[in-house]
Amino acid sequence: MKKKGRGSLAVFPGSFDPITNGHLDIIARGLSVFDDVTIAILINSGKQALFTVEERVELIRDTYRGEPRVAVDTFSGLLVDYTERVGAAVIVRGLRAISDFEYEFQMALMNRRLNPRIETVFMMPAEGYSYLSSRLVKEVFQLGGRVRDLVPPIVERRLAEKYGVKAPPATPRRRPRRAR
């Protein structure tokens, strides 16, 4: 992985099981502030994931094909150690709701204690994604709901493969009624 100058590279960590449009929104916001964003998938053997780490890497690479400013990588261990190792000085975290804040605040303070050279930047997604989580996407899809506007198209196809169902068809758009 190519190291960038300090401050120009941000690390966006998470499990991304799967990546959602809410994640994409945070990444786009990160790219408006930083030169490059590395999406860092945490390898957590204690958590039961739907997609393997390799599948998640592939989904993200497919989503960002042709975007040289976005990289995907995996890590285990301390996030601040990984962040410093790749030459970044910033961790980007998304805050969907107030309920996220307490946990994220504690993590940011612990990371600062572990490595005061690494800053955490909180970004809020667009309102339309403030409720969105990977867990919710999986549950809705598994119950037959439409997730087309919530995840990249490749993710919807891969969810269908994982659950052994046909991806739900797009809802047809209604034509506006003509005034008489």
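I take buried to mean under 20% relative accessible area, exposed over 50%, and partly exposed in between (1.4 Å probe, protein chains only). The model is predicted: local features need pLDDT of at least 70, side-chain atom pairs count only at pLDDT 80 or more, and totals for chains, interfaces and linings use all residues. Residues are numbered from 1 along each chain as its sequence is written, and side-chain values use heavy atoms, without hydrogens and water.

Entry on salt bridges. I counted a side-chain nitrogen of Lys or Arg within 4 Å of a carboxyl oxygen of Asp or Glu, and the total came to 14 salt bridges.

I looked up Asp17 and found its side chain in a salt bridge with Lys138 (3.0 Å, N to O). Asp17 lies in the loop between strand 1 (9-14) and helix 1 (21-31) and Lys138 in helix 5 (residues 134-142), so the pair ties together parts that are 121 residues apart in sequence. I took helices (H or I, at least four residues) and strands (E, at least two) as DSSP runs, numbered from the N terminus. Lys138 is buried because its relative accessible area is 17%; Asp17, at 5%, also counts as buried.

I then turned to helix 1, where Asp25 and Arg29 lie 4 residues apart, about one turn of the helix. Their closest N and O atoms are 2.7 Å apart in a salt bridge. Asp25 is buried at 15%, whereas Arg29 is partly exposed at 32%.

I noted one network, in which salt bridges that share partners join Glu55, Glu58, Arg158, Glu161 and Lys162.
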